[in-house]
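Here is a short report for a first look.

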There are 2 protein chains.
Amino acid sequence: MKILLIEDEPKVSAFIKKGLEEHTYEVDQAYDGFYGAKLALEKEYALVILDVILPRMNGVEVCKTIRQHNLTLPILMLTALGSTDDKILGLDSGADDYLVKPFEFQELLARIRALTRRSQESVGTEVLKMADLELDVQKKTVHRSGVPISLTAREFALLQYLLRNKERVVSRVDIIEQVWETSFDTGSNVIDVYINFLRKKIDRDFTPKLIHTLVGMGYVLKEMEEK
Amino acid sequence: MKILLIEDEPKVSAFIKKGLEEHTYEVDQAYDGFYGAKLALEKEYALVILDVILPRMNGVEVCKTIRQHNLTLPILMLTALGSTDDKILGLDSGADDYLVKPFEFQELLARIRALTRRSQESVGTEVLKMADLELDVQKKTVHRSGVPISLTAREFALLQYLLRNKERVVSRVDIIEQVWETSFDTGSNVIDVYINFLRKKIDRDFTPKLIHTLVGMGYVLKEMEEK
DNA sequence: CTTCAATCAGGAGGATTTTCATGTGGCGGT
DNA sequence: ACCGCCACATGAAAATCCTCCTGATTGAAG
């Protein structure tokens, strides 16, 4: 699981990185807000840990920037200040949680677990849509043009991932990592097979086709007239 | 009597929890609004104590969310701010009472007593329904098509949880955490066994079947024509 | 001591996931 | 235009995982 750590104090940053890595997280570091924001937008992280006081761009701005690009990734803010005002400012700018320095490392771990676990849950009903295709994350149901479609667990997970990244080409590596949760490439063609399953279920009997393959690149979910 | 405490400051939360437990209340904790709302909707509490400033979802939103799902459970809001505006905002959003931090613990206890007393007077007759299945939370009775069905305590708790989450797929992890109140996975199959008990009692002799299993995902309670 | 609730353990059966073998088509090179 | 290659598609078999059920065991209550 990848975490982006944006913190300018080299010692603090190194300390946190080391601790997290001992708990099997992968950590990317940024030492200023600008570079941090850049990384957050370009790569895919499970979580961002963000100091408030940073060179080039402060934590609140970084937070806003990420949210403007409506990424929903969890942001955990760190600060040396503990006043209510700062807390409000942080949460208003789009942070998901807040930790006051100095903190117990155990607490940091607990909050990370909480945030990453919760990123998959939801209180209300989360429905992902694309054209006439609808997927209800809670109910685990899928409809196309109102017709209910039943998927297996993997098929559902794959479709969900494609929907979350609709209009964007996702590579096999992305899919293996996000849907199968292994980066271990076994030279197998499971993905092809599952794409095929999905096509049968959600594209075969409908138009327009939504699943498209970009040879040598991966797959996209989008509305597109076939050539 | 179960109380849900939604408060992000670990120290404050721990303090309140401890105090309440000394007065024989059972306390569940949530450290952010999102998770708090989730718990409030899924489980049954006599009261919610809710901080205004929270990660992920602030107190006012949590309040609204709970009220939208027309639960009538008493909500006691906590805040560090004391201005009239905040108070109005809180009460408008559906809170039943309001306490400004810092407060005397005695006062908190008094208000809790007041709020829970009130709710007991209003003969809470909460009945969960689904198709021809009815479950009376207070009376602990279950009927299907008018036929009384007797369940054991666990069976009842499980069915109640499924009813509160009807139409939504609940995973084994959800069930273990909410009904058995352990997150400790013992690799056992208690849940399967209990689902089986419930099926025998509420589905075996009736149509349509209400309990459905989604392989690899969990169980749902819903009306559904079998494939 | 008896009874009933709650949990555990193991295997059958079925559904899902994965692999394998093979077919197809587009693209670059000639 | 033709050929061969590579990437992808597809069907079916194989392997694995998951669920359900039964019966035994533990534990608590009367």
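Across the interface of chain B and chain A, the rule finds zero salt bridges. The model is predicted. Polar contacts do occur there: two residue pairs across the interface make them, both at pLDDT 80 or more. On the side of chain B that touches chain A, helix 2 (residues 33-42) of chain B gives the most, with five residues. That side of chain B divides into 13 nonpolar, two polar and eight charged residues.

How much area is buried between the two chains? Chain B and chain A bury about 2000 Å² between them. Carbon and sulfur atoms give 63% of that area. Three residues stand out: B:I53, B:R56 and B:M217 supply 28% of the area that chain B buries against chain A, more than any other three residues. In terms of contacts, 23 residues of chain B meet 22 residues of chain A.

Now the backbone. Most residues other than glycine have a negative phi. Two residues with a positive phi are listed here, and neither is a glycine.

| Residue | Phi | Loop | Relative accessibility |
|---|---|---|---|
| B:A131 | about 55° | between strand 6 (127-130) and strand 7 (133-136) of chain B | 40% |

Note on methods. Residues are numbered from 1 along each chain as its sequence is written. Chains are lettered from A and ligands numbered from 1 in the order in which they are written. This is a predicted model: local features need pLDDT of at least 70, side-chain atom pairs count only at pLDDT 80 or more; totals for chains, interfaces and linings use all residues. Side-chain values use heavy atoms; hydrogens and water are left out. Contact means heavy atoms within 4.5 Å. Buried area is the accessible area (1.4 Å probe) that two parts lose on being put together, summed over both. A salt bridge is a side-chain nitrogen of Lys or Arg within 4 Å of a carboxyl oxygen of Asp or Glu. A polar contact is a pair of N or O atoms within 3.5 Å; within protein, one must be able to donate a hydrogen and the other to accept it, and residues adjacent in sequence count only if both atoms are side-chain atoms. Helices (H or I, at least four residues) and strands (E, at least two) are DSSP runs, numbered from the N terminus. Ala, Val, Leu, Ile, Met, Phe, Trp, Tyr, Cys and Pro count as nonpolar, Asp, Glu, Lys and Arg as charged, and the others, Gly among them, as polar. Buried means under 20% relative accessible area, exposed over 50%, partly exposed in between (1.4 Å probe, protein chains only).
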